[in-house]
Amino acid sequence: MSWFMLCAIYNLLFGIFHLTFWKLLVWKVELKRVSPDNRAVMQTLNLCLTFVLFLTAYLYFFHADEMRTTSLGEAVTYGAMIFWMVRTILQIMLFNLKKRVHQILLVIFLTGVVVHLAAIVNL
């Protein structure tokens, strides 16, 4: 399996994960505690991020040759790696790393950086 296929699977799984937030994070209850505008922003950002994750997965699954051989594909892969690097840093800065779930997510986000970096190194 190529690194690009691993990138595709990684982003696809995170897109699916984001679709579970309403139930997993009990948003029906929890989001009632914030203003309607903040509630709308949170859900909108989540759905837009989910779309970007699915789009990225699609590009890796169905346009792997272009992702591997063009400067645009390389730029997308660098962008995805930087995205996961920023997400890893935000995990450290914004989440309580004393909680086991946040530690696990930190490792998973770091794995995303490594998978995308490996795809770049093996272009």
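A: Helices here are DSSP runs of H or I with at least four residues, and strands are E runs of at least two, numbered from the N terminus. This is a predicted model: local features need pLDDT of at least 70, side-chain atom pairs count only at pLDDT 80 or more, and totals for chains, interfaces and linings use all residues. Residues are numbered from 1 along each chain as its sequence is written, and side-chain values use heavy atoms, with hydrogens and water left out.

Q: Which helix holds Thr-50?

A: Helix H4, residues 36-62.

Q: Is Thr-50 buried or exposed?

A: Buried, at 3% relative accessible area. The cut-offs: buried is under 20%, exposed over 50%, partly exposed in between (1.4 Å probe, protein chains only).

Q: What does Thr-50 touch?

A: Gly-15, His-18 and Leu-19, leaving out residues up to four places away in sequence. Contact means heavy atoms within 4.5 Å.

Q: Switching to rings. How many aromatic pairs?

A: Rings of Phe, Tyr and Trp (its six-membered ring) pair if their centres lie within 6.5 Å; planes under 30 degrees apart are stacked, over 60 edge-to-face, the rest tilted. By this rule there are 13 aromatic pairs. Phe-14 and Phe-109 make a tilted one, 5.4 Å centre to centre with 35 degrees between the planes.

Q: What does that pair tie together?

A: Phe-14 is in helix H1 (residues 3-19) and Phe-109 in helix H7 (residues 100-121), so the pair links parts 95 residues apart in sequence. Phe-14 is buried at 8%, and Phe-109 is buried at 3%.

Q: Which residues form the aromatic cluster?

A: Tyr-10, Phe-14, Phe-17, Phe-21, Trp-22, Trp-27, Phe-83, Trp-84 and Phe-109.
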